[in-house]
Amino acid sequence: MSPEAPIALFVTCLNDTLFPRVGQATVRLLERLGHQVSFPAEQTCCGQMHVNSGYGAEALPMLRRFLAAFGDQELIVSPSASCVATVRSDYPAIAREAGDPGLAAHLEALTPRVFELCELLTTRLKLTDVSASFPHRVAYHPTCHSLRGLELGDAPLRLLGAVRGLELVELPEAEVCCGFGGTFAVKNADTSAAMLADKLAALRACGAEVCTTVDSSCLMHIGGGLSRTGGSIRTLHIAEILASEAGPAS
Amino acid sequence: MKGPRSFPEAAREALADPTLRRNLGRATATIRARRAAVVAEKGDWQALRDAGAAIKADTMSRLDDLLEQFERQVELAGGTVHWAVDGTEACKIVAAIARDHDCSRLLKVKSMATDEIGLNASLAEAGIEAIETDLAELIVQLAGDRPSHILVPAIHRNRDEIHALFAEHLGAKPEETEPEALAAVARRHLRRQFMTTSMAVSGANFGVAETGAICVVESEGNGRMCTTLPDVLVTVMGIEKLIPRWQDLEVFLQLLPRSATGERMNPYTSFWTGVRTDLPGDGPREFHLVLLDNGRTRALADPHGRDALHCIRCSACLNVCPVYERVGGHAYEGVYPGPIGAVLAPQLEGVESRSSLPFASSLCGACLEACPVKIDIPSMLVHLRAAAVGAGATPRSERLTMAALARGFGSPRRFEILQRFGAAVQRRLPRDRRMARAPGPLGRWARSRDLPEAPPESFRAWWKKRRDGGG
């Protein structure tokens with residue numbers, strides 16, 4: 001890639017609105033690594049909630065919006081595995097089903113340039129050590145979209161493993177869904193809560209100070225449960241950990 | 001339309017039962033571990049899955065021709081073939097065969113197809129008693145209960161519950177509480193039935209078009225008894241159970257037991273083709289095959305749904321599903337529980353009456369990962385959700401919210417307005433338990449989770465300031 005081209009940040013609607021610190025950490029991290037970051041202000045939401053809840057046809061304006069915001073970008077990064085999975089695996093099919101093969105073709109050309117943050121760091125920028133420092137005991141919960149959608153494998157763990165002072169603790173049954181599932185969390189709130197309760201128990205059992213992952217949505221659910229049930233475990237997006245530097249305690 | 005309860009409603013009841021959750025958690029964890037071990041030892045597992053998926057896709061693409069070939073082969077071997085468009089028709093056919101032979105009792109081999117059409121209840125109405133011979137089906141039948149798992153119908157019951165049941169119905173002694181003793185009690189009861197009943201009804205795991213053979217895979221030997229001892233055998237087989245060639249079994253007989261019970265090979269694999277000719281040998285003198293549609297051709301016509309017909313009923317998707325593990329099979333209010341049930345029930349019964357099922361999943365994808373024939377259950381659930389939305393089966397408030405949000409997200413300007421409005425509201429709301437009283441999704445969220453803290457500004461506001469400030 002040309003070192004001059006800025007990396008366009010697709011921050012996602014959730015991070016933009018509720019977790020701006022995740023977007024800020026992504027910017028800080030990439031700039032520290034010597035990259036220029038741009039934020040195409042035309043972006044809004046990828047439409048994942050609509051698509052996964054059966055309102056795929058209604059998501060069409062969001063597909064067009066994504067194309068308008070990022071169509072010209074050479075490289076796009078997002079700190080969300082599930083949003084990247086939506087763009088990559090659902091977009092072209094939705095456009096085709098809506099009878100817009102032109103849009104589908106444009107999106108097909110665009111999606112290979114869209115990367116989840118850990119993916120960008122490890123496969124595109126070929127980095128494992130991003131010179132971060134975070135002296136805490138951290139449990140990594142692999143979100144379903146990162147694990148079975150994007151197939152990130154151990155990329156996040158390798159990145160975390162290279163962080164100074166960070167102690168990775170093994171989360172029991174880590175690959176079991178936390179119970180978020182988008183609108184599932186409210187449509188099937190009781191089942192979602194039962195799944196969450198088991199995830200929280202696993203987090204407590206492993207002695208972590210911090211639970212991290214690659215999706216703010218799952219973290220919002222896990223964090224909401226942790227805050228409700230008390231205790232000292234915090235949630236942080238992996239971008240926040242990777243952006244941390246030695247110095248005053250983060 | 002007053003049909004089954006909605007999934008969230010049925011799930012709430014199941015979640016409140018700690019014994020059920022313990023029974024299920026223990027049983028599914030055991031099967032999961034066993035499956036993982038025997039799958040891991042197959043170096044060509046992914047190739048086997050690909051082959052299984054390809055054979056099923058090929059079968060479905062020419063199902064009409066293959067079914068006719070199958071019919072010819074079964075009849076050549078001395079069997080009689082019946083075609084049933086739905087469950088009512090299939091039940092009538094079986095009852096008529098029983099009446100023709102003056103049978104007031106018949107044996108049952110564990111079969112999903114006959115559960116699907118409610119055969120036992122239908123036969124009872126006709127004055128014919130159906131005796132389940134699979135141990136777990138027997139437990140369920142004695143308890144007047146419903147199966148809660150495709151393969152392990154009594155997975156929701158523990159040993160003590162089973163002992164109580166056998167003591168009441170089969171004369172189990174107080175000390176007969178160990179699994180071996182309980183199995184012996186059932187065996188005493190079942191042997192009597194096997195020796196004195198002249199008709200049996202089975203399902204089919206596979207039907208081989210090329211030879212007319214039927215295959216049933218089982219663990220207990222009760223199926224072998226039923227298919228060899230009685231003079232009259234009736235097999236009720238969903239039309240999707242067909243495979244083209246005998247050789248295809250090489251693939252499926254590896255995929256099925258490893259995925260289902262976590263065994264390299266199941267204890268009993270029975271094949272029969274038509275009727276016995278070398279009297280007095282084993283096997284029925286009279287064989288009837290009932291080919292059941294019951295919604296399957298409708299599923300076949302749906303390009304997004306037809307892969308569900310590839311299902312070989314192994315239950316791997318149930319055992320790995322975090323939703324199934326917590327709520328059990330009864331919450332699905334139908335014969336087919338778990339992820340595949342959430343697809344099959346709306347397909348076979350219509351999405352309007354089962355509209356909550358496609359939403360009974362966090363779309364975590366564990367089912368697809370485990371499926372031996374690679375059925376993309378998560379994608380199908382999403383398509384069925386769209387069908388439910390299209391049929392007007394989702395709440396009006398939800399449809400309006402989604403439409404409003406889609407419009408809002410369609411433009412950066414409107415998005416920003418929504419964002420500011422949302423943040424202003426959020427800052428005024430309590431984040432804790434008090435929010436659980438809020439109506440709608442917000443209250444359902446807050447029953448078990450605090451709301452996130454409202455940030456001082458959005459990312460885009462921060463970015464704008466930073467850019468304008470030259471940062």
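Visitor: Which strands does helix H12 (residues 249-260) of chain B lie across, and at about what angle does H12 run to S6(B)?

Guide: A word before we start: this is a predicted model, in which local features need pLDDT of at least 70, side-chain atom pairs count only at pLDDT 80 or more, and totals for chains, interfaces and linings use all residues. Residues are numbered from 1 along each chain as its sequence is written, while chains are lettered from A and ligands numbered from 1 in the order in which they are written. Helices (H or I, at least four residues) and strands (E, at least two) are DSSP runs, numbered from the N terminus, and angles run from 0 to 180 degrees between N-to-C directions of axes, which are lines fitted to C-alpha atoms, for helices over the stretch in contact. Helix H12 of chain B lies across S5, strand S6 (213-218), S8 and S9, and the angle to S6(B) is about 20°.

Visitor: In what order do the four strands of that open sheet in chain B come?

Guide: Two strands pair if DSSP finds at least two bridges between them. The edges are strand S8 (242-243) and strand S9 (268-273) of chain B, each pairing on one side only. The pairing in this sheet is mixed, and the order is S8-S5-S6-S9.

Visitor: Which residue of S6(B) stands opposite Gly207(B)?

Guide: Strand S5 (residues 206-208) of chain B pairs in the parallel sense with S8(B) over two bridges, and there Gly207(B) faces Leu242(B). S5(B) also runs antiparallel to S6(B), joined by three bridges. The two form a hairpin with four residues between them, where Gly212(B) in the turn has a positive phi of about 80°. In S6(B), the residue opposite Gly207(B) is Ile214(B).

Visitor: How many residues of S6(B) are buried?

Guide: A residue is buried if 20 or more other C-beta atoms lie within 10 Å of its own, exposed if 12 or fewer, and partly exposed in between, with C-beta atoms placed from the backbone. One side of S6(B) holds Ala213(B), Cys215(B) and Val217(B), the other Ile214(B), Val216(B) and Glu218(B), and both faces are covered. S6(B) also pairs with S9(B) in the antiparallel sense over six bridges, with Cys215(B) opposite Phe271(B). The number of buried residues in S6(B) is six of six.

Visitor: What is the order of strands in the open sheet of six in chain B?

Guide: The edge strands here are strand S1 (80-84) and strand S3 (129-132) of chain B. Inside the sheet, strand S4 (residues 199-202) and strand S7 (residues 232-238) of chain B pair in the parallel sense over four bridges, and Met199(B) stands opposite Val232(B). Neighbouring strands are turned by 25° against each other on average, direction ignored. With parallel pairing, the order is S1-S10-S7-S4-S2-S3.

Visitor: Which residues touch the most other members of the largest nonpolar core?

Guide: A nonpolar core is a set of buried Ala, Val, Leu, Ile, Met, Phe, Trp, Tyr and Cys residues joined through C-beta atoms within 7 Å. This one has 223 residues, and those touching the most other members are Val94(B), Val290(B), Leu292(B) and Cys317(B).

Visitor: How many residues of chain B are in contact with chain A?

Guide: Two residues are in contact if their C-beta atoms, placed from the backbone, lie within 7 Å. Chain A brings 53 residues to this meeting, and the number from chain B is 48.

Visitor: Why does Gln48(A) count as buried?

Guide: Gln48(A) sits in helix H3 (residues 48-52) of chain A. Leaving out residues up to four places away in sequence, Gln48(A) touches Ser82(A), Cys83(A), Thr86(A) and Gly182(A). Gln48(A) counts as buried because the number of other C-beta atoms within 10 Å is 24.

Visitor: At what angle do helix H5 (residues 81-97) and helix H6 (residues 101-110) of chain A pack?

Guide: Among the residues that meet are Tyr91(A) and Pro92(A) in H5(A), and Leu103(A) and Leu107(A) in H6(A). The axes are 7 Å apart, and the packing angle is about 170°. Angles under 35 degrees count as roughly parallel, over 145 as roughly antiparallel, 65 to 115 as roughly perpendicular and the rest as oblique, so H5(A) is to H6(A) roughly antiparallel.
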